[in-house]
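Here is the note you asked for on this model. Please read it with the structure open beside you.

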Amino acid sequence: MPVLSRRHFNKAAGALAVSSFAIGTAKAAQFTYKYANNLPLAHPMNKRAAEAAAAIKKETGGRFELQIFPSSQLGSDTDTLDQIRSGAVDFFTLSGLILSTLVPVAAINGIGFAFKDYPTVWKAMDGGLGAYVRGEIAKSGSIFAFDTIWDNGFRQTTTSSKPIVTPADLVNLKIRVPPAALWTSMYKAFGAAPTTINFNEVYTSLQSKVVDGEENPLAIVDTAKLYEVQKYCSLTNHMWDGFWFLANSANWKALPPDIQAIVTKHINAAGLAERTDVAALTTGLQKSLTAKGMVFNTVDPAPFRDKLKSAGFYKDWQGKFGKDAWSKLEESVGTLG
Ligand code: X2X
């Protein structure tokens, strides 16, 4: 639920909220809304969100305060999805694939090896495919997504045991996947042994060897320090993943239109800036992660795609997403499967 003044300060609020509370002399904001995400403070998502929060506060004359809770401080992605549906949390950035537990078609951008590069991603997600998915999210009734999807990135494969060079290297690999059917289905198609684990438990699961590998964009391998518990990084580029900036619909409607307009403007601008940051960060990361001890290899995607095709992966998902959504994806990426 939106917190109406700092006097209703919630003990569970965490470090960021404590520091804004400590400003003390500032007047209580009329609206204090909570934004949760699963990424460390060092990730561009949190830097740009903090800038947006400051800009919103300024432009609303202090009437609106966005409290940011990074690093799954309010709970795992699965828990936070429940909280944004009920309105206990006001905003949440969530991978479309994980959102698919509520809105099935939101996973569609995660189809294996669909996107070849960023221009193709943004054309689809800022165009017809993204609009279709946002429409379906809004139909849920409880939440909606802002227009600009934030970048997570092209996902790469890390392990503690061996590089992944061909699809055969995935067979029986104990790999962590986020909580979404598409991820589990893809790794089952490869003959791997996927285990569903929320992101807030990934580092310790890798450290204790509950799983041997995981997959994430380089910006996360770096900012979440996964290089400390993983040795190999195989540049599989197997899917593109983004974060929808979600809002609880009822709490949003409680805001005056002028505040809604200011929040919308700054959040979407922050999303665009975050995309640029992630791209810039990623450019230098192979080198700096190598210096931190990771061993990189490049990967030919063709045999991986063929394997998914022969396992019936594309056909299955085309059936699940339906013709409309699938044709919107293929309009951008070409024929799949
Ligand atoms: O859970 C993950 O791996 C992450 C951080 O990439 C997502 O949010 C999907």
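The points below take up the ligand site and then the aromatic pairs.

1. The model is predicted, so local features need pLDDT of at least 70 and side-chain atom pairs count only at pLDDT 80 or more, while totals for chains, interfaces and linings use all residues. Residues are numbered from 1 along each chain as its sequence is written, and side-chain values use heavy atoms, with hydrogens and water left out.

2. Around the ligand there are 14 residues, of which Asn38, Asn152, Arg155, Arg176 and Asn216 come nearest (a residue is near if one of its heavy atoms lies within 4 Å). The shell divides into 7 nonpolar, 4 polar and 3 charged residues, where Asp, Glu, Lys and Arg count as charged, Ala, Val, Leu, Ile, Met, Phe, Trp, Tyr, Cys and Pro as nonpolar, and the others, Gly among them, as polar.

3. The ligand taken alone exposes 270 Å², and the protein buries 100% of that (Shrake-Rupley method, 1.4 Å probe).

4. There are 21 aromatic pairs, counting rings of Phe, Tyr and Trp (its six-membered ring) whose centres lie within 6.5 Å, with planes under 30 degrees apart taken as stacked, over 60 as edge-to-face and the rest as tilted. Tyrosine 118 and phenylalanine 154 form an edge-to-face pair, 5.1 Å centre to centre with 85° between the planes.
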